[in-house]
Amino acid sequence: MDSWNRQMGIPPSKEALSEMKEAFMNLPSYENESIAIEDLENLTQALHLAFSSDQISKYKAYWVKDFGDRIKLEEYLIRAVVVHDMGELARRHATSVDKDKDGLISTDEFKELLKVIADFDKNLEHMSYEDFVAETDTSKGRLVSVEELAGWIGKHTKVIHGDNYRETGIPPSKSDLERMKLIFIGQPSYENGSIGTEDFPALMRQVGMDRLPEQVNVAQQYFKKYFGGRLTVDDYMNHVAVLHNTGEFARSFAVRADTNGDGLISAEEFIHILEIIEHFDHKLGHKTYEDFVAEADTNCDGVVSVDELAAWIGKCTKGKSNNMN
């Protein structure tokens with residue numbers, strides 16, 4: 001599938017939409033151009049879209065509230081087309097909140113909205129309708145229009161993506177890092193400042209990084225390959241501290257990939273890199289070392305440096321799910 005998403009601001013291509021439509025129609029509950037809400041997780045897996053179980057549960061609740069217990073193909077594809085555009089996505093949600101279609105958001109409509117939006121920002125849980133109007137009513141008419149609501153929704157969901165610091169661009173706080181360290185030390189295999197990679201799936205769950213099995217497997221492969229089968233607390237803390245910074249994260253991986261430390265990426269090192277990075281884009285699985293050099297060697301000296309590899313990794317994983325965190 002194309003490397004599009006809301007972060008990139010690029011809409012899906014016709015080919016991507018065709019793939020989505022085919023996956024949708026092949027689901028067990030497909031009937032009369034719709035699927036049961038229970039098939040949503042199967043749909044995301046079929047399309048290799050990485051959502052945590054918590055995210056899927058919240059999306060199901062949102063969909064049932066506004067559209068019932070079946071997802072129509074047309075509605076799904078409309079959202080796929082606009083998912084790259086946060087403004088349009090917020091406007092569509094705002095329109096669905098306006099149940100009586102008077103163009104304004106009433107107290108009751110706000111209460112229903114808060115049940116969904118508070119999942120993105122816990123600070124909103126106890127917001128009153130009066131505070132909402134004061135914050136959202138940009139025209140100062142003491143009423144909130146659908147367009148004003150769309151702007152407010154965009155504001156409160158722009159950088160809130162649960163624990164995924166790499167998507168938000170926000171580094172973990174000191175208290176977040178301390179909590180992660182305590183959880184790390186509490187793992188069954190913890191000894192002499194390190195844990196075995198067999199504990200990694202449990203560690204990810206306990207720190208709130210709810211990932212798909214495929215993502216957990218990729219993370220385990222990465223740490224087994226480049227950290228010798230055991231992960232030290234220092235390496236782990238350094239890793240999570242840069243997840244919010246795509247460039248730094250890519251460079252950290254690139255430095256590890258240079259296993260002989262000569263500052264250049266050999267054909268053998270590239271093979272091992274590909275075993276990890278192809279999970280971001282399955283098309284990379286057939287790439288040759290010669291293809292890699294042609295793409296990554298930006299100074300045209302015939303070899304690929306660690307910095308050039310870092311830039312190439314960033315390019316190949318931009319807009320992809322963060323499968324290594």
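**A lysine and its partner**

Author: Let us begin with K287, which is buried, with a relative accessible area of 17%; buried means under 20% relative accessible area, exposed over 50%, and partly exposed in between, using a 1.4 Å probe and protein chains only. This is a predicted model, in which local features need pLDDT of at least 70 and side-chain atom pairs count only at pLDDT 80 or more, while totals for chains, interfaces and linings use all residues. Residues are numbered from 1 along each chain as its sequence is written, and side-chain values use heavy atoms, with hydrogens and water left out.

Reader: Which residue does K287 meet in a salt bridge?

Author: The side chain of K287 meets that of E295, with N to O at 2.6 Å; a salt bridge here is a side-chain nitrogen of Lys or Arg within 4 Å of a carboxyl oxygen of Asp or Glu. E295 is partly exposed, with a relative accessible area of 37%.

Reader: How many salt bridges does the count come to?

Author: The count comes to two, and the other pair is R256 with D235, whose closest N and O atoms are 3.1 Å apart. R256 lies in helix α14 (residues 246–257) and D235 in helix α13 (residues 233–241), so the pair ties together parts that are 21 residues apart in sequence. Helices (H or I, at least four residues) and strands (E, at least two) are DSSP runs, numbered from the N terminus.

Reader: Changing topic, which residues have the most contacts inside the largest nonpolar core?

Author: They are Y236, F292, L309 and W312, in a core of 41 residues; a nonpolar core is a set of buried Ala, Val, Leu, Ile, Met, Phe, Trp, Tyr and Cys residues joined through side-chain atoms within 4.5 Å. The largest share of this core, seven residues, comes from α12.

Reader: What is W312 in contact with?

Author: Leaving aside neighbours within four places in sequence, W312 is in contact with F270, I277, L284, K287, F292, E295 and A296, where contact means heavy atoms within 4.5 Å.
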